[in-house]
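Please look over the sequence and the model before reading on.

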Amino acid sequence: MAERTDVLIVGGSMVGLAQALFLAQQGIRSILVERHTHISAHPRAQAASPRTMELMRALGLEQRVRARENPHAQYGDILQVESLTGRELGRFDGPFRHDPNEVSTTGWTLIGQDRFEPVLRAKAEELGADIRFATEMVSYEQDADGVTAVLRDVRGGEETEVEAAYLVAADGFRSTVRDGLGIGTHGQGVFGRQMNVIFHAALDPYVAERRFFLCFVSNDRVKGVLGRLDDGDRWVLAPSLPPEETHAAYSEEDCVAMVRAAVGVPDLDVAVESSTSWEVAARIADRFRSGRVFLAGDAAHVMPPTGGFGGNMGVQDAHNLAWKLAAVLRGQADPALLDTYEEERVPVAEFTVEQGVIRYLQRSGLVEEVAARHRPETTVLFGHVYRSGGVLAESGGEDGPPVEDPTQPSGRPGARAPHVELRVGGVDTPLHDLLRGGWWLLAGPDAGLWERAAAQVSRLTGLVVDFHRVGGEEPVETVEGFLKKYGITTGGAVLVRPDGFVAWRAAGQPADPAVELSAVVHRLLGRPA
């Protein structure tokens with residue numbers, strides 16, 4: 001007899017684990033399968049962005065993630081050298097300590113993927129996700145009713161049949177699920193390859209008490225990045241490779257030689273632990289959905305590592321998709337809501353991939369036209385504007401760029417709900433800390449009837465809409481800031497989706513807020529009124 005689950009997730013790295021976690025947060029059952037036997041030791045992604053950390057805060061994980069930061073992460077700056085013992089070429093602040101411009105209540109966490117993924121896995125399992133490493137999906141079929149997959153234990157060979165309502169492919173840039181669906185990709189293609197060599201060596205004498213997060217090395221033998229992986233002698237060297245080469249072309253002796261060249265010590269005692277490599281490329285899947293199968297993370301979009309956008313974009317894919325799957329699986333929303341995943345995430349992916357490419361190519365110089373498309377980090381991370389059936393756009397808001405400047409927020413439907421410090425039950429609470437997977441109606445200080453409307457809609461639809469009146473406890477300056485950021489009057493209200501984006505707003509209070517809000521919720525979820 002086949003096992004049953006709500007969602008089958010293929011791929012157990014950062015994005016797949018985030019998908020399992022966000023679904024578990026919503027109370028949705030998932031099985032995640034990953035063919036590797038354990039989480040990768042290679043720190044490909046080097047940081048959790050402020051937006052990712054915002055999502056972690058809402059799960060109560062911010063301090064747990066920060067506790068696992070990379071060694072020397074607190075320094076945040078980057079050293080440029082010919083070699084670790086050679087001439088210094090410069091030193092500059094990394095992008096990770098920039099002021100968030102009051103866009104969010106949190107900031108970057110300098111944590112490698114190898115340190116972040118165990119946190120995601122532990123919390124997902126704590127909330128009920130079924131995570132199976134050393135397990136691969138060998139085949140699947142989908143029909144109008146669901147997905148039936150065959151799973152195999154890679155160690156013993158036992159096979160299991162699983163039936164799921166939906167499948168999420170988070171199986172990386174070489175996604176076999178995407179390829180099997182015949183979904184192509186487009187973009188600028190491959191720029192090169194990045195290799196990781198994890199090694200052990202006593203480098204403290206050559207660091208010479210200098211403080212840095214990363215060390216960029218450039219000489220005639222090796223060009224790459226050195227980073228420390230623990231407080232002992234475990235390091236990683238990430239050299240750049242030609243597009244046609246992989247780590248398989250480099251023997252252990254070759255890796256040792258590269259490390260010695262990067263350090264500048266010809267007879268350095270080096271023990272290589274492992275190596276891997278991946279493409280530095282810019283590609284976007286032509287579609288993010290095929291029937292009951294969804295693509296997320298690198299399976300959907302690949303971008304250069306500059307900016308630290310790639311893995312974090314995948315986490316946000318998972319967050320966008322999780323609440324929609326939950327609403328459909330609970331019967332609260334029409335399955336057409338799932339079409340909005342592709343409608344919303346594709347334009348954002350196109351924009352973010354371009355921003356990663358611009359940052360990658362800056363080192364070689366950009367033509368003026370391309371350089372003019374560079375956008376600030378805060379815009380790339382927080383400025384997304386969705387246009388889909390999951391948003392009730394206002395007149396004139398149906399078209400336009402996929403981003404806005406979040407330091408000058410509009411509060412319009414489709415934009416991320418602007419950050420505001422609320423006071424809830426006598427406790428200062430950033431807005432996005434409230435967004436633990438549910439809907440919120442935020443109203444101005446003179447909007448008492450909206451609270452009754454939220455309660456009535458919750459009772460009649462089964463969709464819980466929590467309510468907060470800004471001004472009940474907040475000081476005047478907070479109220480003024482809220483009204484300005486959201487573009488409403490003291491009697492207005494905004495409906496915030498479970499992913500923290502504005503779904504709809506009313507500038508003022510209508511004659512019957514309950515009728516208005518009920519109609520809005522039914523339209524958003526595709527339910528008959």
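Is Asp499 buried or exposed? Asp499 is buried, because its relative accessible area is 2%, under the 20% that marks a buried residue. The model is a predicted one, and the values below are computed from it.

**The chain as a whole**

The protein chain has 15 helices and 22 strands. Its radius of gyration is 24 Å, which agrees with the value near 24 Å for a compact globule of 529 residues. Along the principal axes, the C-alpha atoms fill a box of roughly 80 × 60 × 45 Å. Of the 529 residues, 55% are buried. The chain exposes about 21,500 Å², and carbon and sulfur atoms supply 47% of that area. Among contacts between residues at least 6 apart in sequence, 72% join residues at least 24 apart.

**Salt bridges**

The count of salt bridges comes to 30.

| Residue | Partner | Closest N and O atoms |
|---|---|---|
| Lys123 | Glu126 | 3.1 Å |
| Arg373 | Glu354 | 2.5 Å |
| Asp499 | Arg497 | 2.7 Å |

Asp499, the residue of the opening question, forms a salt bridge with Arg497. Arg497 also counts as buried, because its relative accessibility is 0%.

Lys123 and Glu126 are 3 residues apart in helix H4, so about one helical turn separates them. In general, an α-helix has 3.6 residues a turn, so residues three or four places apart point the same way. Lys123 is buried, with a relative accessible area of 11%.

Arg373 is partly exposed at 32% relative accessible area, and Glu354 is partly exposed at 25%.

**Inside helix H9**

Helix H9 also holds Thr352. Thr352 is buried, with a relative accessible area of 1%. Beyond its neighbours within four places in sequence, Thr352 is in contact with Met303, Phe309, Met313, Val380 and His384.

**A largely enclosed helix**

Why is helix H2 (residues 50-58) described as largely enclosed by the rest of the structure? The reason is that 8 of its 9 residues are buried. These are Pro50, Arg51, Thr52, Met53, Glu54, Leu55, Met56 and Ala58. They pack against helix H1 (14-25), helix H3 (62-66), helix H4 (113-126), helix H8 (310-329), helix H11 (377-382) and helix H12 (431-434). Just after H2, Gly60 takes a positive phi of about 75°.

**A four-stranded sheet**

An open sheet is formed by 4 strands in the order S20-S19-S21-S22, with mixed pairing. Strand S20 (465-469) and strand S22 (502-506) stand at the edges; each has a single partner strand, so one side of each is left without a neighbour in the sheet. Direction ignored, neighbouring strands of this sheet are turned by 15° against each other on average.

Strand S19 (residues 439-443) pairs with S20 in the parallel sense over 5 bridges. Within this pairing, Ala443 has Arg469 of S20 as its bridge partner. In general, strands of a sheet pair through backbone hydrogen bonds, either parallel or antiparallel.

Helix H13 (residues 448-461) lies across S19, S20, strand S21 (493-496) and S22. It runs at about 170° to S20.

**A hairpin**

How do strand S17 (residues 421-424) and strand S18 (residues 427-430) run, parallel or antiparallel? S17 and S18 run antiparallel and are joined by 4 bridges. Arg423 stands opposite Asp428 in S18. The hairpin has 2 residues between the strands, and Gly425 takes a positive phi near 60° there.

Terms used
Residues are numbered from 1 along each chain as its sequence is written. This is a predicted model: local features need pLDDT of at least 70, side-chain atom pairs count only at pLDDT 80 or more; totals for chains, interfaces and linings use all residues. Side-chain values use heavy atoms; hydrogens and water are left out. Two strands pair if DSSP finds at least two bridges between them. Axes are lines fitted to C-alpha atoms, for helices over the stretch in contact, and angles run from 0 to 180 degrees between N-to-C directions. Contact means heavy atoms within 4.5 Å. Buried means under 20% relative accessible area, exposed over 50%, partly exposed in between (1.4 Å probe, protein chains only). A salt bridge is a side-chain nitrogen of Lys or Arg within 4 Å of a carboxyl oxygen of Asp or Glu. The radius of gyration is taken over C-alpha atoms; the globule rule is 2.2 Å times the number of residues to the power 0.38. Accessible areas come from the Shrake-Rupley method with a 1.4 Å probe; for residues, only the protein chains shown count as cover.
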